[in-house]
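Here are a few notes from my read-through, for you to check against the coordinates.

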Amino acid sequence: MNLTIAGLTARALFGRRRLLLLLPMPLLLIGLTVLAAGTSADPAQWGPIVLGDLGLGVILPLTALIIGSSVLGLEIEDGTITHVLSKPVPRSEIVVTKLAVAWGATAAVTAVPLAIAGAIAGSPRLAVGLGLGTAVGALVYTALFLALSLLSRRPVAVGLVYIMLWENLLTRFVGGARVLSVQEYSTTLAGGLAQTELLTGRLLPITAALLAIVLTALGAAVATARLRSFTLAGETG
């Protein structure tokens, strides 16, 4: 972890206008949870939709996509990546630092609001489960989308295809697709930790945890290998 690069990345990330687009989503989640909890409806009726489908299925992956694809992708677009690459810092250290900043930012604007929503909807245990499950999902998503920003010139478009078609459509009909769904990992771990029927993952918790570790490591390894192929001109060698 390089603190200088982390500081530069954080300042650049929070200075982007696109990050402002993220602010309404956690507020919407908490607002909907408060409204639903204020009614006489049982949490079993609205909890899976608000916390699972909206929180873990939409807000978490979209936030991770915007942030994960920005920490290196925008520097490549505007050419400032050469400034980072000119430093005598190993490429692996650059990737780990960028990933840590992206993960921290994503977790702050997703795990915290989801934990608050969980506390409103159910219990402290649901809040802890949602918070931890979301944090794990944020790490996997940001690792994959960071790698994607180095592999594709249109990482947001490719990421949206993965989120909308693979995670929110294909996994409903093809059971095998769930093993490559980060949303399934988050839901399984959150539901398992909270011991609640509001979040019902379709993987074993140990399977979800192992796959999360593997995909995070794979994303970081691919990003490091890809960054090593970049020259100081910001082009692949």
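Contact here means heavy atoms within 4.5 Å. Keep in mind that this is a predicted model.

1. Let's start with Gln183, which sits in helix 9 (residues 182-194). Its relative accessibility is 12%, so Gln183 counts as buried. What does Gln183 touch once its neighbours within four places in sequence are left aside? The contacts are Leu56, Gly57, Tyr141, Glu167 and Asn168.

2. Helix 3 (43-68), helix 8 and helix 9 each give two or more residues to the lining. Which of the elements has the largest share? That is helix 8, with four residues.

3. Glu184 belongs to helix 9, while Arg202 is in the loop between helix 9 and helix 10 (205-228), so the pair ties together parts that are 18 residues apart in sequence. A search of the whole structure finds one salt bridge.

4. How do the two partners compare in burial? Glu184 has 6% relative accessibility and therefore counts as buried. Arg202, with a relative accessible area of 43%, is partly exposed. The cut-off for buried is under 20%, and exposed means over 50%.

5. On the surface, have a look at the nonpolar patch formed by Val156, Leu160, Val161, Met164, Leu165, Leu169, Leu170, Phe173 and Val174. Together these residues have about 780 Å² of accessible area. Val156 lies in helix 8 (residues 155-173), the helix that also gives four residues to the lining of the second largest pocket. At 32% relative accessibility, Val156 counts as partly exposed.

6. Last, Ala102 in helix 6 (residues 91-121). Is Ala102 buried or exposed? Ala102 counts as buried, because its relative accessibility is 0%. Not counting residues up to four places away in sequence, Ala102 touches Ile67, Gly68, Val71 and Thr142. Ala64 is 38 residues away from Ala102 in sequence, and the two C-alpha atoms are 7.7 Å apart in space.

Note on methods. Residues numbered from 1 in each chain as written. Predicted model: local features only at pLDDT ≥ 70, side-chain atom pairs only at ≥ 80, totals over all residues. Heavy atoms only, no water. Buried < 20%, exposed > 50% of the residue type's maximum accessible area, 1.4 Å probe, protein only. Patch = residues over 30% accessible without salt bridge, like charges linked within 9 Å, V, L, I, M, F, W, Y side chains within 5 Å. Areas by Shrake-Rupley, 256 points an atom, 1.4 Å probe, with all protein chains shown as cover. Salt bridge = Lys/Arg side-chain N within 4 Å of Asp/Glu carboxyl O.
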